[in-house]
Amino acid sequence: MELLTSPRYKDYCGGLILVIVGLAAAFQAQSYQIGTLTRMGPGFFPAALGIILAAAGAVLLGTTMARNARNAVIEDQSVRRHPPEWRGWACICLAVIAFAVLGELTGLVPATFTCVFIAALGDRDNSLRDIVLLSIGVTIAGVAVFWWGLGILFPLFSRDFM
């Protein structure tokens, strides 16, 4: 029960999730041919990534436990608890839905711009100018990486949109 009231509860959960997902990925990769460093098989990358993920989770868990052991003194009760940021949650969820809907209807460029724009509205400190500049920058980077660099077959603009 002490774990649930710990101020580092998120760190415990995050570390545990990283370890579980990493080990699951490494275990699942065993069903593919791993190969060697010079001749990597299809299971090499997922296995290596899973092991790295599990190791990062273990480091996070270890540092959190060590930090909590050092800070065993009861913390000051004057620490104010903040209510959940419902605006941020709503904007991020709406951004994902908007990308899923607009991606097929309008294409990569409008869907990415709209997704980033809506998600950035969740931060109360962003100005409209910052949101527009961020949306433009991420859209350009997304097109450069996914459409041009990786050759993902996702139309930039839908014919119906133009």
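Leaving aside residues up to four places away in sequence, Val109 touches Thr139, Val143, Leu156 and Phe157, a contact being heavy atoms within 4.5 Å. Val109 itself lies in helix α5 (residues 108-120). Gly142 is 33 residues from Val109 in sequence, yet their C-alpha atoms are 8.4 Å apart.

Some ground rules: this is a predicted model, where local features need pLDDT of at least 70 and side-chain atom pairs count only at pLDDT 80 or more, while totals for chains, interfaces and linings use all residues. Residues are numbered from 1 along each chain as its sequence is written, and side-chain values use heavy atoms, with hydrogens and water left out.

The protein has six helices and zero strands; helices (H or I, at least four residues) and strands (E, at least two) are DSSP runs numbered from the N terminus. Confidence is given as pLDDT, the predictor's own score for each residue from 0 to 100. Its mean for the protein is 84, with 85% of residues at 70 or more. Among the elements, α5 has the highest mean (95) and helix α1 (residues 2-5) the lowest (53).

Of the contacts between residues at least 6 apart in sequence, 59% join residues at least 24 apart.

Now the charges. A salt bridge here needs a side-chain nitrogen of Lys or Arg within 4 Å of a carboxyl oxygen of Asp or Glu, and the count comes to two.

| Salt bridge | Closest N and O atoms | Relative accessible areas |
|---|---|---|
| Arg124 with Glu85 | 3.5 Å | Arg124 52%, Glu85 42% |
| Arg129 with Asp130 | 3.4 Å | Arg129 56%, Asp130 31% |

What about disulfides? The structure holds zero of them, the cut-off being a pair of cysteine sulfur atoms within 2.5 Å. Cys93 is in none, and the nearest cysteine sulfur, that of Cys91, is 9.5 Å away. Cys93 is partly exposed, at 43% relative accessible area.

Finally, the surface. Leu94, Ile97, Val101 and Leu105 make a nonpolar patch of about 380 Å², and Leu94 is found in helix α4 (residues 86-106). Patch residues have over 30% relative accessible area and no salt bridge, with like charges joined within 9 Å and nonpolar side chains (Val, Leu, Ile, Met, Phe, Trp, Tyr) within 5 Å. Accessible areas come from the Shrake-Rupley method with a 1.4 Å probe; for residues, only the protein chains shown count as cover.

How values were computed. Buried < 20%, exposed > 50% of the residue type's maximum accessible area, 1.4 Å probe, protein only.
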